[in-house]
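Work through these exercises with the model open beside you. Try each task before you read its solution.

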Amino acid sequence: MMIDVQPTASHFIDGEYCEDEAGAPIGCIFAATGEVIARLHSATPTIVDRAMESAARAQKEWAARPPVERGRVLRRVADILRERNRELSELETLDTGKPLQETLVADATSGADALEYFGGLAATITGETVPLGGDFVYTIREPLGVCVGIGAWNYPTQIACWKAAPALACGNAMVFKPSEMTPLCALKLAEIFIEAGAPAGLFNVVQGYGDVGAALATDPRTDKVSLTGSVPTGRKVYAVAADGIRHVTMELGGKSPLIVFDDADIENAVSAAINGNFYSSGQICSNGTRVFVHKAIEDAFVARLVERTRAAKIGDPRDEDTQLGPMISKVQRDKVLSYIEKAKDEGATFAHGGGVPDGFDKGFYIEPTVFTGVTDGMTVACEEVFGPVLSVLTFSDESEVVARANDTPFGLAAGVFTRDLTRAHRVVAALEAGTCWINTYNLTPVEAPFGGVKLSGVGRENSKAAIEHYSQVKSVYVAMGDVEAPY
Ligand code: NDP
């Protein structure tokens, strides 16, 4: 084993690790080798009950602390995440199989950004006064209570931080369930919250499969559910949350367009297409998997894309020189391979990749894959692949490409490459997506709202917008005169 920071038990509740071996076994597999690196257990009803109970208790204590003090705890968590970035990144690499080259700059660090940002905002979360010409109303922005966070497997640390930071800044507690495929990182975050001075129970982590997520989402003590996952899971979680009229944030999947006009800087557009399709082996919800390239530059664009993709260094993710690691699991690798087969069957042209790279049959590797000649109706252009598969489609006209880009039930993100500023703004205004980029792709700083339209989700994470989704407003009417009554 490369490092010695394995969490010591499956769950972290009320300030300490705990175990209930009656829970179904969970094997955490290192995606680069297929080895089991940790054995955990899914939460039993007793574990779920303890987690909810202690979160409800901690929330009351936390909400009563002065906001500036709450913010200080969150900023301390951010500092610790940065101090321990290397060991946390190494754990993230073991948990997910993502290259260390990525985890060192994208995971604990982006989590720290969220904790720092919302730690700073905590003391600014206030109500307002509404004058009524004598009488007046004032509002109090209150926490929701206990929030449940349910995460996907691609960014376990970042997802836990993006949910916990705004939730806790607003005075809520959180019970977090990571994907059973990446159970390790959130446990380290829970340890760090305690070290930074958060009350025991404020951020609990329970492991489990979908049934544990469902038990948390329907628990009567749950006031809000925030899910990062696929659309089918989103539908289920949204439905059960509705039964209790609970608040929700849904960060779901996408099939986002990246539009490259004929006046674009081709090298930059190719860089964006590479980042927006192959980073994290393509396991990113906002990826620009439909790359619409203007016919006039198709040959030049594809030539550079293939040339540069060919140079990608595939390898052991623990090696800092590795640029492309494995997929999360055999199931996901096989799913992506079947999408590749289908694209070939449906007539897409193979420009690069497409299989398991030589010498990498132990882990769950796939070559970065480029298809050209993709048309709108092909499966690879319609469904979320969630793997390193890039589709090049061509277009010749602005209004045509905007209509085609929007012709999807998803609406998470979109990118436009052009040197014509007027066109850039006109096109993003017409695109149906929660996040748009002009002349770049996939940058998601904590200062900017992030979330989807259409099937890609409801609510926004990050930025001041997230405060709206983790708090509620109490309106207080104050009478300054006598009360009139008709009799
Ligand atoms: P899933 O939807 O399969 O799972 C997400 C989480 O929900 C997991 O923790 C899962 O547990 C849990 N879950 C499953 N069923 C239920 C249920 N009935 N009730 C409550 N919880 C449940 O997603 P993946 O983990 O496969 O992640 C990939 C998906 O996530 C992609 O579609 C991707 O686009 C999306 N995603 C969206 C992002 C965004 O911000 N918009 C960011 C990252 C990913 P278990 O794993 O045990 O099944």
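Predicted model: local features only at pLDDT ≥ 70, side-chain atom pairs only at ≥ 80, totals over all residues.

**Exercise 1. Classify Thr 349 by its relative accessible area, then find how far Gly 373 is from it in space.**

Step 1. Thr 349 is in strand β14 (residues 349-352).
Step 2. Partly exposed covers the range between the buried limit of 20% and the exposed limit of 50%.
Step 3. Thr 349 has a relative accessible area of 42%, so Thr 349 is partly exposed.
Step 4. In sequence, Thr 349 and Gly 373 are 24 residues apart. Their C-alpha atoms are 5.7 Å apart in space.

**Exercise 2. Locate Gly 145 and compare its sequence separation from Cys 170 with the C-alpha separation.**

Step 1. Gly 145 lies in the loop between β6 (136-143) and β7 (146-150).
Step 2. Gly 145 is buried because its relative accessibility is 7%.
Step 3. Along the chain, Gly 145 and Cys 170 are 25 residues apart. The C-alpha atoms are separated by 9.5 Å.

**Exercise 3. Which side chain makes a polar contact with the side chain of Thr 228?**

Step 1. Go to strand β10, where Thr 228 lies.
Step 2. Thr 228 counts as buried because its relative accessibility is 13%.
Step 3. The partner is Lys 163: the two side chains make a polar contact at 2.8 Å.

**Exercise 4. Describe the largest nonpolar core.**

Step 1. Count: this core has 92 residues.
Step 2. Find the residues with the most contacts inside the core; among them are Leu 81, Phe 118 and Val 206.
Step 3. Helix α6 (residues 156-169) gives the most to this core, with nine residues.
Step 4. Check the domains. Domain 1 (11-252 + 456-474) and domain 2 (257-438) each supply at least three residues of this core.

**Exercise 5. Describe what surrounds the ligand.**

Step 1. The ligand is surrounded by 29 residues. The closest are Glu 180, Ser 230, Thr 233, Leu 252 and Glu 384.
Step 2. Sort the shell: 13 residues are nonpolar, eleven are polar and five are charged.
Step 3. Name elements that supply at least two shell residues each: α8 (210-218), β10 (224-228) and α9 (231-243).
Step 4. Domain 1 (11-252 + 456-474) and domain 2 (257-438) each give the shell at least three residues.

**Exercise 6. How much of the ligand does the protein bury?**

Step 1. Start with the ligand's oxygen atoms. One is 2.5 Å from a side-chain N or O atom of Glu 384. For the side chain of Lys 177, the distance from a ligand oxygen to an N or O atom is 3.0 Å. A polar backbone atom of Gly 208 is 3.4 Å from a ligand oxygen.
Step 2. Taken alone, the ligand exposes 900 Å². The protein buries 86% of that.

Methods. Residues numbered from 1 in each chain as written. Heavy atoms only, no water. Near = heavy atom within 4 Å. Polar contact = N/O pair within 3.5 Å; in protein donor to acceptor, adjacent residues only side chain to side chain. Areas by Shrake-Rupley, 256 points an atom, 1.4 Å probe, with all protein chains shown as cover. Helix = DSSP H or I, 4+ residues; strand = E, 2+ residues; numbered from the N terminus. Nonpolar A, V, L, I, M, F, W, Y, C, P; charged D, E, K, R; others polar. Domains from an automatic or database assignment. Core = buried A, V, L, I, M, F, W, Y, C linked by side-chain atoms within 4.5 Å. Buried < 20%, exposed > 50% of the residue type's maximum accessible area, 1.4 Å probe, protein only.
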